Amino acid sequence: MKTIYLILSICCTLLANGANKQDANGWYFITDSRTNAFDPSPIVTVADFEILRIDSLLNTENTMTYVLTGKVKADKIKTWADATEKATGKQIGFLYNGKIITAPQVNMKIENGNFLISSPELIEDREKILAIFEQLKKEMK
């Protein structure tokens, strides 16, 4: 009887740990654009970023628009280029804290390692984009 309880306890612990698994913040292939379902293996994670900065511009309604721009590390440029070539005509998504916050369509292979993170809910919210920027900067290695 003790063995059964021990096995059940171990199984419950393993299941709980698996259910709480947090996917790393980063770029992923989108597998279903209707639901923003994504492949569990990241293309690149924030730890693979070399540069991350906030850019802003004045939009046509005379309000500021904010985006994050960046570049992957030199050893990940080929990975990024291959992934964007594979995803041409499809979407990739940026996962942040378990949620896809942007899922742009890739129009061509991106060979220089550059990327842009933007979303309608963040584009005019300076505080949100600053909070995301600060968290992602901490994750960069």
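Mentor: Two strands pair if DSSP finds at least two bridges between them. Helices (H or I, at least four residues) and strands (E, at least two) are DSSP runs, numbered from the N terminus. The model is predicted, so local features need pLDDT of at least 70, side-chain atom pairs need 80 or more, and totals for chains, interfaces and linings use all residues. Residues count from 1 along each chain as its sequence is written, and side-chain values use heavy atoms, without hydrogens or water.

Trainee: Which residue in β5 is the bridge partner of L57?

Mentor: Start with the two strands. β4 and β5 (residues 64–72) pair in the antiparallel sense, over nine bridges. For L57, the bridge partner in β5 is T65.

Trainee: Which are the edge strands of the open three-stranded sheet?

Mentor: The sheet is antiparallel and its order is β4-β5-β8.

Trainee: Where does N62 lie, and is it buried or exposed?

Mentor: N62 is in the loop between β4 and β5. Its phi is near 65 degrees, a positive value in a residue other than glycine. Buried means under 20% relative accessible area, exposed over 50%, partly exposed in between (1.4 Å probe, protein chains only). At 60% relative accessibility, N62 is therefore exposed.

Trainee: What is the phi of N36 near?

Mentor: N36 belongs to the loop between β1 and β2 (37–38). Its relative accessibility is 28%, so N36 counts as partly exposed. Its phi is positive, though the residue is not glycine, and lies near 60 degrees.

Trainee: How far from a polar atom of the T84 side chain is the backbone nitrogen of I110?

Mentor: T84 sits in helix α2 (residues 77–86). It is buried because its relative accessibility is 1%. Beyond its neighbours within four places in sequence, T84 is in contact (heavy atoms within 4.5 Å) with V106, M108, K109 and I110. From the T84 side-chain polar atom to the backbone nitrogen of I110 the distance is 2.8 Å.

Trainee: What is the C-alpha to C-alpha distance between G113 and A74?

Mentor: G113 lies in the loop between β7 (99–102) and β8 (114–117), and counts as buried because its relative accessibility is 0%. Not counting residues up to four places away in sequence, G113 touches G70, K71, V72, I77 and W80. G113 and A74 are 39 residues apart in sequence, yet their C-alpha atoms are separated by 7.9 Å.

Trainee: What angle separates the ring planes of W27 and F94?

Mentor: Rings of Phe, Tyr and Trp (its six-membered ring) pair if their centres lie within 6.5 Å; planes under 30 degrees apart are stacked, over 60 edge-to-face, the rest tilted. The whole structure holds seven aromatic pairs. W27 and F94 are edge-to-face, with centres 5.3 Å apart and planes at 70 degrees.

Trainee: How many residues apart are W27 and F94 in the chain?

Mentor: Both residues are buried. Ring pairs also join them with F49, W80 and F115 into a cluster. The pair links distant parts of the chain, W27 in β1 (residues 26–32) and F94 in β6 (residues 92–96), at a separation of 67 residues.

Trainee: How far is the charged end of K86 from the centre of the F29 ring?

Mentor: A charge sits over a ring if NZ of Lys or CZ of Arg is within 6 Å of the ring centre and within 35 degrees of the ring normal. K86 places its charged end over the ring of F29, and the distance to the centre is 4.6 Å.

Conventions
A polar contact is a pair of N or O atoms within 3.5 Å; within protein, one must be able to donate a hydrogen and the other to accept it, and residues adjacent in sequence count only if both atoms are side-chain atoms.
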